[in-house]
Amino acid sequence: MKIGFIGLGNMGGGMAANLAKAGHEVHAFDLSGEALAKAGEAGCHPVSDAADAVRHMEAVVTMLPAGKHVRSVYANDVIINAGPGTLVLDCSTIDVDSARDVADMAKAKNIVPVDAPVSGGIAAANGGTLTFMVGGSEEAFKRAEPILSDMGKAVIHAGDNGAGQAAKICNNMLLGASMIATCETFKMAEKLGLDLQNFYDISSKASGQNWSMTSYCPVPGVGPQSPADNGYEGGFAAALMLKDLRLAMEAAESAGAQVPMGEKAQALYEQYAEVNGQGDMDFSGIIKMLDD
C-alpha cells in the first residue's frame, strides 16, 4: 500500500521502518531532518511537508506527542489533503475527547478514522512487537488490522472511535500504580532482610505476581533483562508515564470515576519526573526515589 507516516520520533521511526520492511511504499514526514534521514535509510520515502505525506495515499499514520498536535495536523494537513475513503490511523497517545473530535472531522469528509495507541515502548516499536488498542467502526478496524499487524504482535478492537485511547489510558494507569507498588514491595523486602532474587522466585509464583515484577522488574539483576539492568536508561520514560497518568486523571474526572491509587501514582511520578528531574529515566527508576 501507499502509506503516509507523520511523526518519526522514538516510536514513529521504528514503526515507519517496519511498514517499509513489510513492503509498503511509505511516504514519511517529520520536522526533524535527522529523523527524515533515518527513515530514508530504513526504506521510507522522505517528503518535504505533512501534506505530501497525505496526498494520494491509501492510508495515513500519525504518531505525535499530544492531542494539540494531532488536532493541528488533522485540521491543517490530513482533512484537507486526504481523498475520500482514505484510512487514517492515529497511533499517538492523546485524550479521548481529541480522539473523538478528529474522528468526527474525518468522517465529515468521508475519511475513515481509527485511534490506535500502542503499548510496548521503543524496543517493541523497533522490533515490530507492539500491541495496538483500536477504536473505530468494524469496517475501519478490518482495514486497519493488516497495517497495524505489520508493526505489532497484537491488534485488538476496543470499540468505537475513542475506545482505543480509553483502553490505553486505563492500562497505563494500572501500570503506573502497579510499578510503584512493586518498587515499594522490593524495598520493603530488602529492609526486612530478604534476598531479593529469592523473594522474586516466591512472589512471581504467588498471588503478588504482576507484569511490573515478572516482565519489567525494577531491581537490577533480578528477573528478565529490563532497564534496571542498564541504569534505568531506555525503556519507557518517566515523563511519558506522567503524561499518561495526567490523561487518565482527566478522563476519570470527565467520567466521574474514583481513582485514588491513580491520583497517588500521578503525584509520585510528578515528584520523580519533574521535581527530581528524572523525566528522561525509565519509569521503573522511581524505585531509587522510594529508596532515598
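The dialogue below takes up a helix pair, then a pocket, then a cavity.

Tutor: This is a predicted model, in which local features need pLDDT of at least 70 and side-chain atom pairs count only at pLDDT 80 or more, while totals for chains, interfaces and linings use all residues. Residues are numbered from 1 along each chain as its sequence is written, and side-chain values use heavy atoms, with hydrogens and water left out.

Student: How do the axes of helix α3 and helix α4 cross?

Tutor: Axes are lines fitted to C-alpha atoms, for helices over the stretch in contact, and angles run from 0 to 180 degrees between N-to-C directions. Helices (H or I, at least four residues) and strands (E, at least two) are DSSP runs, numbered from the N terminus. Here the axes of α3 (residues 67–81) and α4 (residues 96–108) come within 9 Å and cross at roughly 5°. That makes α3 roughly parallel to α4, a term for angles under 35 degrees.

Student: Which residues of α3 and α4 meet?

Tutor: Contact means heavy atoms within 4.5 Å. From α3, Gly67, Val70, Arg71, Tyr74, Ala75 and Ile79 meet Asp97, Ser98, Asp101, Val102, Met105 and Ala106 of α4. The residues of this contact divide into 7 nonpolar, 2 polar and 3 charged. Ala, Val, Leu, Ile, Met, Phe, Trp, Tyr, Cys and Pro count as nonpolar, Asp, Glu, Lys and Arg as charged, and the others, Gly among them, as polar.

Student: What lines the second largest pocket?

Tutor: Rolling a probe the size of a water molecule over the atoms shows where empty space is left. On a 1 Å grid over the protein atoms alone, a pocket is an open set of points with protein on both sides within 12 Å along at least five of seven lines, and lining residues have an atom within 4 Å of a point. The second largest pocket is lined by 17 residues, with Val96, Ala248, Glu250, Ala251 and Ala252 nearest its centre. The largest share of this lining, 7 residues, comes from α10. By class, the lining has 12 nonpolar, 1 polar and 4 charged residues. The volume of this pocket is about 300 Å³, a volume being the space filled by probe spheres set on grid points joined across faces, edges and corners.

Student: How many cavities of 30 Å³ or more does the structure hold?

Tutor: A cavity is a set of points where a 1.4 Å probe fits but cannot get out. The structure holds 1 cavity of 30 Å³ or more. The largest cavity has about 60 Å³ of space, and its lining includes Tyr74, Val102 and Asn161. Its lining has 7 nonpolar, 1 polar and 2 charged residues.

Key:
Parallel < 35°, antiparallel > 145°, perpendicular 65-115°, else oblique.
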